[in-house]
Amino acid sequence: MSTVKENDTVKVHYTGKLTNGQVFDSSLEREPMEIALGQGQLIPGFEKGLIDMAVNEKKTITIDKQDAYGEVNDALFQKISKTQLPEDLKPEVGMGLVGSNAQGQEQQFRVAKVEEEDIIIDANHPLAGQDLVFDLEVVEIL
């Protein structure tokens, strides 16, 4: 029986959860995700978890934050004046924002704190600092 090897392309169903059981993403209600391993498309722990799995095999893996989205980086928090926001925007903690850097590239932020004159934005991945649990099922090895 063939199993998943490095650089294979596979179709996978997954459910991603926090260690407290809260689901943050799942492919079960849509087509399985097609992944070319070794291309850096996924967090390292997810790819490692697929290696040696057979078609129709299911397993649950826990990925340490170092092999997921890493630690929360304090350097990615920034204070900006509310005057830089659109006038009709009422910032709230947890709200997602999109901004552009000097090169015009879009970046996603989350409002971490709202102060009187300013807000603190967080450019860390929302799952940074978290160990993650994935239920995996290899549907096909292409």
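Lining the largest pocket are Q78, I80, Q84, L85, L97, V98, G99, S100, N101, Q107, F109 and I121. Two or more of these lining residues come from each of β5 (77-81), β6 and β7, and β6 gives the largest share, 4 residues. The volume of this pocket is about 260 Å³.

A word on the model: it is predicted, so local features need pLDDT of at least 70 and side-chain atom pairs pLDDT 80 or more, while totals for chains, interfaces and linings use all residues. Residues are numbered from 1 along each chain as its sequence is written, and side-chain values use heavy atoms, leaving out hydrogens and water.

A pocket here is an open set of points on a 1 Å grid over the protein atoms alone where a 1.4 Å probe fits, with protein on both sides within 12 Å along at least five of seven lines; lining residues have an atom within 4 Å of a point.

How do β6 and β7 sit together? Strand β6 (residues 96-100) pairs with strand β7 (residues 106-114) in the antiparallel sense over 5 bridges; pairing takes at least two bridges found by DSSP. L97 stands opposite F109 in β7. The two strands form a hairpin with 5 residues between them, and G104 in the turn has a positive phi of about 85 degrees.

Now for the second largest pocket, with a volume of about 190 Å³. It is lined by 13 residues, and those closest to its centre are Y14, D25, L42, Y69 and F134. The elements giving two or more residues to this lining are β2 and β9.

Aromatic rings are the next stop: the structure holds 4 aromatic pairs. Rings of Phe, Tyr and Trp (its six-membered ring) pair if their centres lie within 6.5 Å, with planes under 30 degrees apart stacked, over 60 edge-to-face and the rest tilted. Two of the pairs are shown here.

| Pair | Centre to centre | Angle between planes | Type |
|---|---|---|---|
| Y14 and F46 | 5.9 Å | 80 degrees | edge-to-face |
| F24 and F134 | 5.8 Å | 90 degrees | edge-to-face |

Y14 lies in strand β1 (residues 9-18) and F46 in helix α1 (residues 44-50), so their pair ties together parts 32 residues apart in sequence. F24 belongs to strand β2 (residues 23-26) and F134 to strand β9 (residues 132-141), so this pair joins parts 110 residues apart in sequence. Ring pairs link Y14, F24, F46 and F134 into a cluster.

Conventions. Points joined across faces, edges and corners; volume = space filled by probe spheres on them.
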